[in-house]
Amino acid sequence: MKIHEYQARELLAQAGVPVTPFEMVTTPEQATAAFDRFGGTVVVKAQVFAGGRGKAGFVKLCESRQEVHDAAGFMLGNRMVSKQTGPEGVGVHRLLVAVAADIDAEYYAAVVLDRSQRCPVVMVSREGGVEIEEVAARNPDAIFKQWLHPHLGLQGFQAARLVHALGLEDKEQAKAAARVLRGLVDVFVKYDCSLAEINPLVRTSSGEILAIDAKMNFDDSALFRQPQLREMHDESEDNPMEVRARKADLTYIALNGNIGCLVNGAGLAMATMDIIKLHGGEPANFLDVGGSVSQEGATEAFRIILADPKVKGVLVNIFGGIAKCDTIAEALIAAAREIGFKVPVVVRLEGTNVERARQLLKEAAIPQLIPASDLTDAAQKVCAKVV
Amino acid sequence: MTQEFRLRTGLQPAGRLGRAIQGQATMSILVNKDTKVVCQGITGKAGAFHAAQCIEYGTQIVAGVTPGKGGSRSEHGVPIFNCCHDAVIATGADVAMIFVPPAFAADAAMEAADAGVSLVVLITEGIPALDMVRARKYLDDKGARLIGPNCPGIITPGECKIGIMPGYIHRPVQDGSRGVGIISRSGTLTYEAVWQCTTRNISQTTCVGIGGDPVKGLNFIELLDLFEQDEETDAIIMIGEIGGTDEEQAAFHVRHHVSKPVVGFIAGQTAPPGKRMGHAGAIISGGEGTAASKIAALKEAGIHVARSPGEIGETLASVL
């Protein structure tokens, strides 16, 4: 799960990380009111999850009331298109108005989960304000890392080394930077983050250390113990079909092709997409029905797949383990009765209760159903029908 | 509990010094017909169902753990204990199989390690990653190995099934013959690979699902070593997927330390970046973890990469 920048700023501020004064607004009038309260130069920023806001013109430095009003009106009235959004762009519903900082130097600071070391790692760099992946590719030595002990967390000497790597020698500034890092680590641990990033962290010309942009991703598996995050979640940024699938305990991800996929298990679901592509087709979605799927859940899966107008054919690939083939067969029959199949549905079933499933499908005699003997056969059949 | 204390008090679990753990010449890896299993969460819906399947397959499930139900018996007739320590002391269980809900699963794994089991098989899906960070370190310090979480478990066909995989799709090694060892980050895709072997009359020595989470226990490298040492194993299948760099590291290891033929497959060649493809660990981020990078690394290490998930068995047959 992701949250918006203004929400990330709130979490950082609560953890004692200084941020520039800010406000979240939803209309140009609220934006100008915020400008009036702050006085001086402000920055207006679109609150969307996609990156590339600056280049797209959705981050604007404004010095007057009129500028703020115009910038807010533009951002709320247009869809933002960037490298990360695709050509259709994303709608903007919320803006951040923040006091502009007088920047002397920009830094990078983040905590992420390091999978291979199996612990969180704190990363800092003097090259702030640019994408860290870019820095990592161009000049990996410019990133300094300290790994956190799984049980003990950030130690004093580690914070000192990180601050030293940032080149902050002034005693007060070094202290302030260490406080920022401790706050960032606290947020990471307290809220079960997978990423907590301040970019840039800045030093102002008066020597203050401030966070002026923040990004956070959270571990979906930990949301059950994070009520505050659940409240922060902005569903308007989610694909509505993905939200609907989640409610039915299905994992669905919309893609651009025209062959709908219904599979059990994430690895097999990915492999099914792969084999479709290999035979010249394009998957319309990733869909994992999971292990303990009910007939109703599987029927909902068919509804979701068939609601996508791009879908010209469906591949059902089930290797029954915990999930039972006959449950899927019953769902297929229910879906055929309820929505009716207007496209060919290639079905490959193997594993638990497969004999009963085949019998059920045979008796139902659904004309659009095409049985397949194995994975390759299934991919060939669905691609032949669609491509 | 230290090793010394365990020896002194006679609390040494049976498998701790078992030959399979010692990395000597073995038949199958990690688990076999002598393995004694304690099942945490045996009275829950999933735990009860799968424990029954394991017992039916021939696995020795010697104890169950459900706090508050100690002294009773499960529906399968397995004695229930209030805590893992009681179960290990009373039965000599050396492997724990865990079906505890996500919020309590990491704690259950640590309890099992503290009770002295040598191997923890953690089936539960959806455990917070930071819980696993802490638990994995705890298990390492206790000297207990971990399989999972979010995994199908481990099976030595014909001897011992600890997990949720359908038993009948596997083919036990016949007397005097040999087989393939399978390591996989996926559940059902493993079944697919197993089935493709079985339908070609290729037996499996042991199949291990290492799980789809970002922080886990045994990884490709440790298992590649165990299969390399296992006399019965002729070849190894490793099934990876997008996300992280485990496969790249494993490929490097294969190049220098594995002499047996290895067949590989990487799922997620068509997955878009930035999207979590079902498994918590299956996400391409910051240009890292793509299928292309993994496949290139595997090929460079001389691993036979199946182009299609439908050709894993065929690729293996061609190298045997």
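Guide: Let's start with rings: those of Phe, Tyr and Trp (its six-membered ring) count as a pair if their centres lie within 6.5 Å, with planes under 30 degrees apart called stacked, over 60 edge-to-face and the rest tilted. Over all chains, the structure holds 5 aromatic pairs. This is a predicted model, where local features need pLDDT of at least 70 and side-chain atom pairs count only at pLDDT 80 or more, while totals for chains, interfaces and linings use all residues. Residues are numbered from 1 along each chain as its sequence is written, chains are lettered from A in the order in which they are written, and side-chain values use heavy atoms, leaving out hydrogens and water.

Visitor: Why is the pair A:F58 and A:F74 called tilted?

Guide: The ring centres are 5.3 Å apart and the planes stand at 45°, so this pair gets the tilted label. A:F58 sits in the loop between α3 (53-56) and β3 (59-62) of chain A and A:F74 in helix α4 (residues 65-77), so the pair ties together parts 16 residues apart in sequence.

Visitor: What makes A:F58 count as buried?

Guide: Buried means under 20% relative accessible area, exposed means over 50%, and partly exposed is in between (1.4 Å probe, protein chains only). A:F58 has 2% relative accessibility, so it counts as buried. A:F74 has 39%, so that one is partly exposed.

Visitor: Why is the pair A:F319 and B:Y191 called edge-to-face?

Guide: Their centres are 6.1 Å apart and the planes are at 65°, so the pair is edge-to-face. The pair crosses between chains, from strand β14 of chain A to helix α7 (residues 188-198) of chain B. (Helices, H or I with at least four residues, and strands, E with at least two, are DSSP runs numbered from the N terminus.) Both A:F319 and B:Y191 are buried. Ring pairs also link A:F319, B:Y168, B:Y191 and B:W195 into a cluster.

Visitor: How do you know that A:E242 forms a salt bridge with B:K275?

Guide: A salt bridge needs a side-chain nitrogen of Lys or Arg within 4 Å of a carboxyl oxygen of Asp or Glu. For A:E242 and B:K275, the closest N and O atoms are 3.5 Å apart. The count between chain A and chain B is 4 salt bridges.

Visitor: What area is buried between chain A and chain B?

Guide: Buried area is the accessible area (1.4 Å probe) that two parts lose on being put together, summed over both. Here that comes to about 4100 Å², with carbon and sulfur atoms giving 65%. In chain A, A:R115, A:R118 and A:F319 lose the most area to chain B, together 18% of what that side buries.
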